[in-house]
Amino acid sequence: MLRSISIAIRPRKLFDALPCRNVPHGVFTSPSFRPASIQTTPMIPTTSNSSFLYVDKRDHLEEMVDGFQGADLIGMDTEFSSFPAYSYNLQLIQLASDKFSACIDCQAISSSEIAPALRKILDPAVVIAHSCTIDLMLLRTIFADEKWLPYSMVDTQLASNLLRVGNNIGLAPMLQHILGIKLDKSQSLSDWRLRPLRPRQLQYAMNDVHHLIPAWHFLSEQLEELDRMSWLQEDMLRITTHPPEIPRENLWLSLRRLQQFRDSPCARSVLREVVAWREEDAIRRGLHPQAVMGDDAVISIAKGESDALSDLKSLQGMKWNVLQYSIESLQAAIRRGLECSNPPDLPPQYLLSIQEEDKIAQQMALATAYLHEIARLHRVSFGALLPWEERDIIGPWLIGVEIPDGAISLTKGWRLQLCGMELMKVRQGEKTLSVSIF
């Protein structure tokens with residue numbers, strides 16, 4: 001006999017989170033990180049008059065290393081430029097301890113010179129960042145040969161998720177909520193490529209990093225009280241593990257709405273070849289792939305199944321100012337797809353019947369309600385339970401579609417204990433989800 005997991009839906013406050021505190025403090029003693037002696041009163045000034053070392057000359061690097069000598073906690077942030085470039089371009093690295101702060105101009109000093117100085121500063125310390133996925137990616141570009149990352153690192157956004165301080169909350173609203181500090185975000189759309197940087201831009205960049213240490217004081221205390229430091233360690237391991245590089249021939253699988261190619265094997269072959277061509281052309285030009293050709297145009301080319309120039313010119317979304325010098329190589333990629341005798345298969349989640357898709361939608365709605373209720377009961381954010389990148393595959397997984405190992409966070413660690421076991425029983429047919437509304 002099936003047992004039902006009932007989801008009670010009741011009116012509740014929109015923002016049921018931790019209360020604000022005026023004096024943050026705490027001791028970070030998690031065994032998987034290096035212990036740090038933390039001052040109970042933050043020593044970093046939080047006004048716009050904070051002083052810092054602007055590192056734009058090689059001679060400043062040694063002064064910066066000396067300034068951070070003995071620092072147990074260091075806040076870190078970066079500023080970068082991106083679209084339309086192929087990859088993120090690191091412009092600034094901001095660092096702050098309780099006694100010293102510095103801003104490294106990555107245009108003025110080479111990565112090979114910055115790397116050893118950063119290692120001396122960050123290796124002995126616990127590094128604090130907020131939403132650090134891109135920061136980690138940029139650090140990997142500096143330490144490309146060594147594949148080095150900080151020995152101990154914490155992300156205050158992940159910590160906030162585990163305490164229900166918003167859902168993947170930004171730095172400014174997090175600081176406003178837990179510390180009562182209002183950040184000036186007027187320079188958030190600055191073009192960090194331009195030099196010289198204005199004093200207001202630099203102060204904006206440093207303000208973000210100055211508040212990370214007092215924020216961590218508060219968050220770490222709460223995590224320790226709730227015995228959730230191990231949860232943060234688990235999540236940090238997930239984001240600091242270098243993701244495997246996607247083979248170029250599999251890049252087409254990252255596009256959305258692939259189910260429209262279910263009955264078109266030739267179109268799938270063209271799609272695979274055109275997406276791989278777009279990636280190669282983007283790398284050659286130093287542009288983002290979307291700046292070479294948008295996804296809609298790529299899909300239109302694949303569905304058109306033609307390499308004729310007249311057919312290509314009739315498609316919407318084609319960037320002819322970019323493509324005029326690459327049209328022959330694009331046509332060659334289309335022909336390779338048209339002539340392919342072994343078209344690629346779609347992943348199982350795109351081969352479902354209409355009835356199965358309806359069942360997925362139903363299960364996904366019920367599972368979302370269930371996870372929201374679990375998040376409320378255990379005072380974590382919904383985003384902590386179900387990372388955004390997994391939301392398209394949780395539905396197919398619930399009805400039994402095979403998903404690659406490790407792709408579902410709910411099957412591992414603290415999430416498995418909190419709610420994953422129950423959802424695995426739903427997947428296996430041992431339980432069902434239902435909703436009670438009152």
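This is a predicted model: local features need pLDDT of at least 70, side-chain atom pairs count only at pLDDT 80 or more; totals for chains, interfaces and linings use all residues.
Colleague: To begin with the rings, how is a pair of aromatic rings described?

Modeller: Such a pair is described by the distance of the centres and the angle of the planes. In this structure there are 4 aromatic pairs. One of them joins Phe68 and Phe100, whose centres are 5.0 Å apart with 90° between the planes, an edge-to-face arrangement.

Colleague: Where in the chain do Phe68 and Phe100 lie?

Modeller: Phe68 is in the loop between helix 1 and strand 3 (73-81), while Phe100 is in the loop between strand 4 (89-96) and strand 5 (101-105). The two are 32 residues apart, and the pair thus links distant parts of the chain.

Colleague: Are Phe68 and Phe100 buried or exposed?

Modeller: Both Phe68 and Phe100 are buried.

Colleague: Why is the pair of Phe80 and Tyr88 called edge-to-face?

Modeller: Planes over 60 degrees apart count as edge-to-face. The planes of Phe80 and Tyr88 stand at 90°, so this pair is edge-to-face, with ring centres 5.1 Å apart. Phe80 counts as partly exposed because its relative accessibility is 27%. Tyr88 is also partly exposed, at 32%.

Colleague: Turning to charges, how many salt bridges does the structure contain?

Modeller: A search of the whole structure finds 23 salt bridges. One of them is formed by the side chains of Asp208 and Lys185, at 3.6 Å from N to O. Asp208 belongs to helix 6 (residues 199-210) and Lys185 to the loop between helix 5 (171-178) and helix 6, so the bridge ties together parts 23 residues apart in sequence.

Colleague: How does one decide whether Asp208 is buried or exposed?

Modeller: The label buried applies under 20% relative accessible area. Asp208 has 5% relative accessibility and therefore counts as buried. Lys185, at 33%, counts as partly exposed.

Colleague: Which parts of the chain does the salt bridge of Arg257 and Asp296 link?

Modeller: The side chains of Arg257 and Asp296 meet at 3.4 Å, N to O. Arg257 is in the loop between helix 8 (229-240) and helix 9, and Asp296 is in helix 11 (residues 295-304), 39 residues apart. Arg257 is partly exposed, with a relative accessible area of 45%, whereas Asp296 counts as exposed at 53%.

Colleague: Where do Glu422 and Lys425 lie?

Modeller: Both are in helix 18 (residues 413-427), 3 residues apart, which is about one turn of the helix. Glu422 is partly exposed at 23% relative accessibility, and Lys425 is partly exposed at 30%.

Colleague: Which residues are linked in a network of salt bridges?

Modeller: Glu234, Asp235 and Arg415 are linked in such a network.

Colleague: Which residues gather in a patch of negative charge on the surface?

Modeller: The patch consists of Asp59, Glu62, Glu63 and Asp66. Among them, Glu63 has its place in helix 1 (residues 58-67). Glu63 is partly exposed, with a relative accessible area of 43%.

Colleague: Finally, how far apart are Glu273 and Arg335 in sequence and in space?

Modeller: Glu273 and Arg335 are 62 residues apart in sequence and 8.9 Å apart in space, C-alpha to C-alpha. Glu273 lies in helix 9 (residues 265-285). Glu273 is buried, because its relative accessible area is 18%.

Definitions and conventions: Residues are numbered from 1 along each chain as its sequence is written. Side-chain values use heavy atoms; hydrogens and water are left out. Patches are made of residues with over 30% relative accessible area and no salt bridge: like charges are joined within 9 Å, nonpolar side chains (Val, Leu, Ile, Met, Phe, Trp, Tyr) within 5 Å. Accessible areas come from the Shrake-Rupley method with a 1.4 Å probe; for residues, only the protein chains shown count as cover. A salt bridge is a side-chain nitrogen of Lys or Arg within 4 Å of a carboxyl oxygen of Asp or Glu. Lys and Arg count as positive and Asp and Glu as negative; His and the chain ends are not counted. The place of a charge is taken as NZ of Lys, CZ of Arg, CG of Asp or CD of Glu. Helices (H or I, at least four residues) and strands (E, at least two) are DSSP runs, numbered from the N terminus. Buried means under 20% relative accessible area, exposed over 50%, partly exposed in between (1.4 Å probe, protein chains only). Rings of Phe, Tyr and Trp (its six-membered ring) pair if their centres lie within 6.5 Å; planes under 30 degrees apart count as stacked, over 60 as edge-to-face and the rest as tilted.
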